[in-house]
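Please keep the sequence and the structure in view while reading.

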Amino acid sequence: MREGISTKFGLTILVMAVCGAVMAQEADKGRDQTGADAAARITFGTNFVADPCQTCKYNSNPLSGYFVWGRDNCTSPGDIQAVAVPFIAAADGTPSHISTSIILNDPANCPTDTVTLGLYTDTCGDGPGTLLAQANATVAEATCGLTIAKLAGAPSLTQGTKYWITATTSAAQVALDSRWHPSNTAGYAANQEGVWIPSNGITPGFSVQGSNSLLGRTESNAQGQMFGGNLLLDPCNGLEYEPDGGLEVRGPENCTTEGSTRWAAVPFIAARTGIPRRISAAITLYDPAFCTYNKVTLSLYTDNDCEGTPGTPLVSGQASVPLEAPDLAVAKLQHSPSLTKGIKYWVVATTTAAQANLDARWHGSNNAQLGVNLGDEWVQFSGGTPAFSVE
């Protein structure tokens, strides 16, 4: 997303009047619990992650993210903007806290510091559905701060079900001027004619925590053996990635823009130390009826000194590109060096001279979805971060 889109997307806000909805509670700064309460807390969904290239567990660049505005905001008076981000519940249980990376834009001149954080059902394509619970939260002022809402009377969530977190303003919050910063997992890079260009999917940073149901299933650990990845099964379409759109991956003799080469890359923080054996990427042929060549090179790279682009290649493998979703392009890795936990690496999709005819696209992760209120309705779309896994 270009910065102009990410910082000022919508002009008006949906009035959310849902019968039987839980009323907003008093603003809460969400201090961490200790003892038994902390031990019992589980995470239903989050995209906060420690990145060695970032000071915070989200992207704190002051120009990144989406505005969350009340009508009397200081930046663009008269405009209202609400933002939402979905998650798939990792366990059964009751949510108690919503944490977000929402920060005041100008606390000295625009001091209104409360926002309404809500928990909604999903509509499978149209963004948030029915309000389940909401609460006021005190908006953080300092870099790396969190805006945390304490929920009261929230219903139980069901593992594997999709929900949404929303940031809206009430009549008492009309002067709010804030920005919802993106997750550290939302970045990617595109290569156009040999030059890597850093980009950010702008998926808002968040965490939903609470307590596990006594008879509920345990917290999901499907990604426990992965070094990194963002493939996630969406119950709405049964796919692990967004089936539409994506970044171009093309050799110079492709069918769509002949003579133009396009490559793509996505970073990850290694979740463990060890030797990776394969890379899976949500790459499919752009037009399999007319452009049938189906080989791509998938590689692991170092990070380019926190410049937002890949650095030095470590290992590569050739993968067959499937015709369409839900299949994945999978490259087996041989003689790969060991990866180190906590270090940043990149998955890169390129073409060799022998793969010059490739015409494909790398689809976005389901974790990169978000919603923006453009007036009388929520608009759902993908932030574009390519879907992958490294195992």
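In this predicted model, strand E3 (residues 83-88) and strand E9 (residues 162-168) run antiparallel and are joined by six bridges. Strands of a sheet pair through backbone hydrogen bonds, either parallel or antiparallel.

**The sheet of six strands**

- Strands E3 and E9 belong to an open sheet of six strands, whose order is E7-E6-E9-E3-E24-E25 and whose pairing is antiparallel.
- The edges are formed by strand E7 (128-138) and strand E25 (378-382), each of which pairs on one side only.
- From one strand to the next, the twist in this sheet averages 25°.

**The sheet of four strands**

- Another open sheet consists of four strands in the order E1-E13-E4-E8, with antiparallel pairing.
- Strand E1 (41-46) and strand E8 (147-150) each have a single partner strand, so one side of each has no neighbour in the sheet.
- The average twist here is 30° from one strand to the next.
- Strand E4 (residues 93-100) and strand E13 (residues 206-212) run antiparallel and are joined by seven bridges.
- Proline 95 has glycine 210 as its bridge partner in E13.

**Asparagine 191**

- Asparagine 191 is located in strand E11 (residues 187-192).
- Asparagine 191 counts as buried because its relative accessibility is 3%, and the cut-off for buried is under 20%.
- A polar atom of the asparagine 191 side chain lies 2.8 Å from the backbone nitrogen of glycine 194.
- Leaving aside residues up to four places away in sequence, asparagine 191 touches Trp196, Thr261, Arg262 and Trp263.

Key: Residues numbered from 1 in each chain as written. Predicted model: local features only at pLDDT ≥ 70, side-chain atom pairs only at ≥ 80, totals over all residues. Heavy atoms only, no water. Helix = DSSP H or I, 4+ residues; strand = E, 2+ residues; numbered from the N terminus. Buried < 20%, exposed > 50% of the residue type's maximum accessible area, 1.4 Å probe, protein only. Polar contact = N/O pair within 3.5 Å; in protein donor to acceptor, adjacent residues only side chain to side chain. Contact = heavy atoms within 4.5 Å. Pairing = 2+ DSSP bridges. Axes fitted to C-alpha atoms, helices over the stretch in contact; angles between N-to-C directions.
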